[in-house]
Amino acid sequence: MIAWPSCEYAYEESYITTPALQILNSWRAAALPVGFGLMALFAAARLLRAGDARTGARRHSVGAAVVAIFWLAQPWLRPLGIST
């Protein structure tokens, strides 16, 4: 949910040049998507290292069930301001 907006932010900052160093501001803003990607990579590697296949399958099934519940609940969530 935060990776795509951070990529858009880094792209939008490519039009701005820093006054002191005269470099594109996207170099600074690129830290957000790169950091999120590295966090996801290290979290996945840690999960693979720490758990066995049964635990991993259980985690994936719980995650899929939560996603399915929210997907099925879309009609009730729309009045709350969540759009698809």
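The model is predicted, so local features need pLDDT of at least 70 and side-chain atom pairs count only at pLDDT 80 or more, while totals for chains, interfaces and linings use all residues. Residues are numbered from 1 along each chain as its sequence is written, and side-chain values use heavy atoms, without hydrogens and water.

**Exercise 1.** Describe how helix 1 and helix 3 pack.

*Solution.* Step 1: helices are DSSP runs of H or I with at least four residues, numbered from the N terminus. Step 2: the axes of helix 1 (residues 3-12) and helix 3 (residues 31-50) lie 8 Å apart, at an angle of about 150 degrees; axes are lines fitted to C-alpha atoms over the stretch in contact, and angles run from 0 to 180 degrees between N-to-C directions. Step 3: helix 1 is therefore roughly antiparallel to helix 3, a label for angles over 145 degrees.

**Exercise 2.** Identify the residues through which helix 1 meets helix 3, and class them.

*Solution.* Step 1: Ala3, Ser6, Cys7, Tyr9 and Ala10 of helix 1 meet Leu32, Pro33 and Phe36 of helix 3, where contact means heavy atoms within 4.5 Å. Step 2: this contact comprises 7 nonpolar residues, 1 polar residue and no charged residues. Ala, Val, Leu, Ile, Met, Phe, Trp, Tyr, Cys and Pro count as nonpolar, Asp, Glu, Lys and Arg as charged, and the others, Gly among them, as polar.

**Exercise 3.** State which residues line the largest pocket and which helix gives the most to the lining.

*Solution.* Step 1: the lining consists of Ala44, Leu47, Leu48, Gly51, Asp52, Ala53, Gly56, Arg59 and His60. A pocket is an open set of points on a 1 Å grid, where a 1.4 Å probe fits, with protein on both sides within 12 Å along at least five of seven lines; lining residues have an atom within 4 Å of a point. Step 2: helix 3 and helix 4 (53-72) each give two or more residues, and helix 4 gives the most, with 4. Step 3: by class, the lining has 4 nonpolar, 3 polar and 2 charged residues.

**Exercise 4.** Locate Thr18 and name its contacts beyond four places in sequence.

*Solution.* Step 1: Thr18 is in the loop between helix 1 and helix 2 (26-29). Step 2: leaving aside neighbours within four places in sequence, Thr18 contacts Ile23 and Asn25.

Technical notes:
Angles under 35 degrees count as roughly parallel, over 145 as roughly antiparallel, 65 to 115 as roughly perpendicular and the rest as oblique.
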